[in-house]
Amino acid sequence: GEIVHIHDFQLLFLYKYIPRGIPLVFTWHIPLAKNISKYLANFLISHMKEFDATIFSSPEYIQVAVYHGLPKEQAHLIYPICNTNLFTKKRISKAKVRKHHGLPQKAKIILCVQRIDAKSGHEPLIRAFAKVRQEVKNAHLVFVGGKSMSNKLSTDREVYEKKVMRLVASLNLIKHVTFTGSIPYENLPFV
């Protein structure tokens, strides 16, 4: 191959089996926390250094990787994108979709497709939604996104999820906010 791009941290060691001279790119697409154990940080960064470049999905993850020892010149930013062939206007029954997800049939839906993460803006969206509900009584907020493998690395996301749930409850929005959990990527256009 002309280039090898590894896009899954479970395959982090694959570089050991690629002949030197072939450019190696690694994509780290999950949160990287500053407060992970120094042993885990050293382990991850030592292997990331074996690649010619590591791609991150946010500037914050780059800052954390550099903090833990990844040379800045090896860290690159590419924001996540979507498949424009898959995400096109669909002829679907909105009533069936709403029924499947337990959503009110007459609601004005606000949809957020994003795992619950402190960097994703769930709290400001929920606070703004509370204000929207004052004007649009049939508004309903839907969050699509599940747990991440990074939950095994840190409890930060779990703590944040509980904080988000407490905020929803404190604003009396429980009946007006739905968390669907994970939905397979190929089914997202039908939500």
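Colleague: How many helices and strands does the protein chain have?

Modeller: The protein chain has 5 helices and 7 strands. Keep in mind that this is a predicted model.

Colleague: In what order do the elements run from the N terminus?

Modeller: Read them as β-β-α-β-α-β-α-β-α-β-α-β.

Colleague: What does the C-alpha trace span along its principal axes?

Modeller: About 60 × 35 × 25 Å.

Colleague: What share of the residues is buried?

Modeller: Of the 191 residues in the protein chain, 37% are buried. The chain exposes about 12,200 Å². Carbon and sulfur atoms supply 57% of that area.

Colleague: Let's turn to pockets. How does one find empty space?

Modeller: Rolling a probe the size of a water molecule over the atoms shows where space is left empty. Here, the largest pocket has a volume of about 1,300 Å³.

Colleague: Which residues are closest to the centre of the largest pocket?

Modeller: The lining has 37 residues, and the closest to the centre are His-29, Pro-80, Ile-81, Gln-114 and Arg-115. Strand S3 (53-56), helix H2 (59-67) and strand S5 (108-113) each give two or more residues to that lining.

Colleague: Which element gives the most to the lining?

Modeller: H2, with 3 residues.

Colleague: Next, single residues. Is Glu-123 buried or exposed?

Modeller: Buried means under 20% relative accessible area. Glu-123 has 13%, so Glu-123 is buried. Glu-123 sits in helix H4 (residues 122-135).

Colleague: What is Glu-123 in contact with, leaving aside neighbours within four places in sequence?

Modeller: Tyr-160, Lys-163, Val-164 and Leu-167.

Colleague: And the surface. Which residues make the nonpolar patch?

Modeller: Leu-11, Leu-14 and Tyr-17 make a nonpolar surface patch of about 330 Å². Take Leu-14 as the example. Leu-14 lies in the loop between strand S1 (4-6) and strand S2 (24-28).

Colleague: Last one, the backbone. What is phi of Asn-172 near?

Modeller: Near 55 degrees. That is a positive value in a residue other than glycine.

Colleague: Where is Asn-172 found?

Modeller: In the loop between helix H5 (156-170) and strand S7 (177-181). Exposed means over 50% relative accessible area. Asn-172 has 66% relative accessibility, so Asn-172 counts as exposed.

Conventions:
Residues are numbered from 1 along each chain as its sequence is written. This is a predicted model: local features need pLDDT of at least 70, side-chain atom pairs count only at pLDDT 80 or more; totals for chains, interfaces and linings use all residues. Side-chain values use heavy atoms; hydrogens and water are left out. Patches are made of residues with over 30% relative accessible area and no salt bridge: like charges are joined within 9 Å, nonpolar side chains (Val, Leu, Ile, Met, Phe, Trp, Tyr) within 5 Å. Accessible areas come from the Shrake-Rupley method with a 1.4 Å probe; for residues, only the protein chains shown count as cover. A salt bridge is a side-chain nitrogen of Lys or Arg within 4 Å of a carboxyl oxygen of Asp or Glu. Helices (H or I, at least four residues) and strands (E, at least two) are DSSP runs, numbered from the N terminus. Buried means under 20% relative accessible area, exposed over 50%, partly exposed in between (1.4 Å probe, protein chains only). Contact means heavy atoms within 4.5 Å. On a 1 Å grid over the protein atoms alone, a cavity is a set of points where a 1.4 Å probe fits but cannot get out, and a pocket is an open set with protein on both sides within 12 Å along at least five of seven lines; lining residues have an atom within 4 Å of a point. Grid points are joined across faces, edges and corners, and a volume is the space filled by probe spheres set on the points.
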